[in-house]
Amino acid sequence: IFVNSSYNQIINCEIDNNGIVGETVYGQVGVFERDTVGNNLYARNYVHHNGRQLGAYGDHGLYLAGSNDSIYYNILAFNASYGIQLSGASNVNVYNNTFVHNGSGGLNMTNSPVDSVNLRNNIFSENNDRGYTNSNGYAVHAGTTISRIHIYGNLFNEPDGCSGVEG
């Protein structure tokens, strides 16, 4: 699904098995949102088995780059890379989602700025790397809140015992 406008609602959908076998240049995602849009709602979707192969970089369930988006009550499972990649997104609410068995991790925040992202009441479980991460050394800016997150069973564990978190 290519989201090229604002104020869309993707609700109660099953988004699965997207990706082109043999494609090696571009990532294959379930939903791709451009950075020029926003105010979109993604709710109560089952987003699974997107991408070319487990662990393929760029093959996410949701790739979101807009602003003022809401991501609620989704199940993101068995996607080749991350369940959700927020790429330069801002003012995003990520509430009550379940991230399980994704190839690289549950949620990745990358490409500056990632600003004012609210993560609340999400479950990250059995992902192949971290539950959620802020990759490439970009700062998570002021206004970002993280609360009531359940992270367990991810394959990567921080040395300090905090399982599944980086950034």
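**Exercise 1. The nonpolar core**

Determine which residues of the largest nonpolar core touch the most other members in this predicted model.

*Solution.*
Step 1. The largest nonpolar core holds 23 residues.
Step 2. Those that touch the most other members are Val31, Leu62, Ile71, Ile84, Leu86, Val94 and Leu107.
Step 3. Two or more residues come from each of the elements β7 (62-64), β10 (82-87), β11 (90-95), β13 (105-110) and β14 (115-120).
Step 4. Take Ile84 as an example: with its neighbours within four places in sequence left aside, Ile84 is in contact with Leu62, Ile71, Leu76, Phe99, Gly106, Leu107 and Asn108.

**Exercise 2. Phe2 and Phe32**

Classify the ring pair of Phe2 and Phe32, and state how exposed each residue is.

*Solution.*
Step 1. The structure holds four aromatic pairs.
Step 2. In the pair of Phe2 and Phe32, the ring centres are 5.7 Å apart and the planes lie at 10 degrees. Planes under 30 degrees apart count as stacked, so this pair is stacked.
Step 3. Phe2 belongs to strand β1 (residues 2-3) and Phe32 to strand β4 (residues 31-33), 30 residues apart; the pair thus links distant parts of the chain.
Step 4. Phe2, at 52% relative accessibility, counts as exposed, whereas Phe32, at 31%, counts as partly exposed.
Step 5. Phe2 and Phe32 form one aromatic cluster with Tyr63.

**Exercise 3. Phe99 and Phe124**

Carry out the classification for Phe99 and Phe124.

*Solution.*
Step 1. The ring centres of Phe99 and Phe124 are 4.5 Å apart and the planes are at 5 degrees, so the pair is stacked.
Step 2. Phe99 lies in strand β12 (residues 98-100) and Phe124 in strand β15 (residues 123-125), 25 residues apart.
Step 3. Phe99 has 0% relative accessibility and counts as buried; Phe124, at 0%, also counts as buried.

Note on methods: Residues are numbered from 1 along each chain as its sequence is written. This is a predicted model: local features need pLDDT of at least 70, side-chain atom pairs count only at pLDDT 80 or more; totals for chains, interfaces and linings use all residues. Side-chain values use heavy atoms; hydrogens and water are left out. A nonpolar core is a set of buried Ala, Val, Leu, Ile, Met, Phe, Trp, Tyr and Cys residues joined through side-chain atoms within 4.5 Å. Buried means under 20% relative accessible area, exposed over 50%, partly exposed in between (1.4 Å probe, protein chains only). Helices (H or I, at least four residues) and strands (E, at least two) are DSSP runs, numbered from the N terminus. Contact means heavy atoms within 4.5 Å. Rings of Phe, Tyr and Trp (its six-membered ring) pair if their centres lie within 6.5 Å; planes under 30 degrees apart count as stacked, over 60 as edge-to-face and the rest as tilted.
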